[in-house]
Amino acid sequence: MVRHWYPLAEGGDDVLASAPFRFQHSVETTAPAERIWEILTGEQLVHWVWAFTDLKWNSPRPFGAGAVREVTLLKFFTARERFFRWDEGSRYAFNVYEASRPGLRHAAEDWTVEPTPSGSRLTWTMAIRPASLVTPLIWISSPAIRMVQRRALRAIRTHARS
C-alpha cells in the first residue's frame with residue numbers, strides 16, 4: 001500500500017509533444033483492432049506484460065475522458081492516471097497525476113490502435129518531464145525504458161492472437 005502520493009502537474013498534448021524524454025514504439029499484429037482495444041481497456045495486461053504488476057480501474061464502465069486507474073510497474077512504482085482523450089476503439093491518452101515515488105514533474109502516454117490490411121498496428125508513446133535531480137536517472141534508464149516498452153508491445157501482440 002502506498003503511504004504517500006507525489007502530485008504531478010497535469011498537461012495534455014503539450015506534454016506528449018514537448019517532454020524532454022519521449023519513447024515511442026509500434027508493433028504490427030494480425031489481431032484485429034477491436035481485439036487490441038479490448039486488451040488495452042481490460043485488466044489483462046498484468047497477466048501478459050511482466051513489467052505491469054498491478055492494474056486497477058477506479059472508474060465505472062464505459063470508460064472515457066476523465067476515467068482514472070492505477071498501474072504498478074515492477075511492484076516498485078505506482079502511477080495514478082487520468083485520461084484526457086478517449087476515442088473509443090482507436091486511441092486514448094492520459095496524464096499521471098500522482099505517483100508513489102518523487103521525481104517526476106509531468107508524465108503522459110498516448111496509445112493508438114489502427115486497423116491495417118492484415119490486422120492492426122499498436123503505437124505507444126510515453127513522455128516524461130522529470131525534476132532536475134532525476135533527469136540523469138531517466139537519461140541513464142532510457143535504454144531499459146525502451147526495452148520494457150518493446151517487450152510489452154510484443155507480449156500484447158503475442159497474446160492478442162490467443
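Ala, Val, Leu, Ile, Met, Phe, Trp, Tyr, Cys and Pro count here as nonpolar, Asp, Glu, Lys and Arg as charged, and the others, Gly among them, as polar. The model is predicted: local features need pLDDT of at least 70, side-chain atom pairs count only at pLDDT 80 or more, and totals for chains, interfaces and linings use all residues. Residues are numbered from 1 along each chain as its sequence is written, and side-chain values use heavy atoms, with hydrogens and water left out.

**Exercise 1. Describe the lining of the largest pocket by class and by element.**

Step 1. A pocket is an open set of points on a 1 Å grid over the protein atoms alone, where a 1.4 Å probe fits, with protein on both sides within 12 Å along at least five of seven lines; lining residues have an atom within 4 Å of a point.

Step 2. The largest pocket has 33 lining residues, and L73, F77, M126, I128 and I145 lie nearest its centre.

Step 3. Sorted by class, the lining holds 26 nonpolar, 3 polar and 4 charged residues.

Step 4. Helices (H or I, at least four residues) and strands (E, at least two) are DSSP runs numbered from the N terminus. At least two lining residues come from each of β3 (52–57), β4 (68–73), β5 (77–87), β6 (91–99), β7 (104–116), β8 (119–130) and α4 (135–160). The most come from α4, which gives 7 residues.

**Exercise 2. Place I138 in the chain and find what it touches.**

Step 1. I138 is part of helix α4.

Step 2. Buried means under 20% relative accessible area, exposed over 50%, and partly exposed in between (1.4 Å probe, protein chains only). I138 counts as buried because its relative accessibility is 11%.

Step 3. With neighbours within four places in sequence left aside, I138 is in contact (heavy atoms within 4.5 Å) with F21 and P130.

Step 4. G103 is 35 residues from I138 in sequence, and their C-alpha atoms are 9.8 Å apart.

**Exercise 3. Give the order of elements and the overall dimensions of the chain.**

Step 1. The chain has 4 helices and 8 strands, in the order β-α-β-α-α-β-β-β-β-β-β-α.

Step 2. Its C-alpha trace spans about 45 × 35 × 30 Å along the principal axes.
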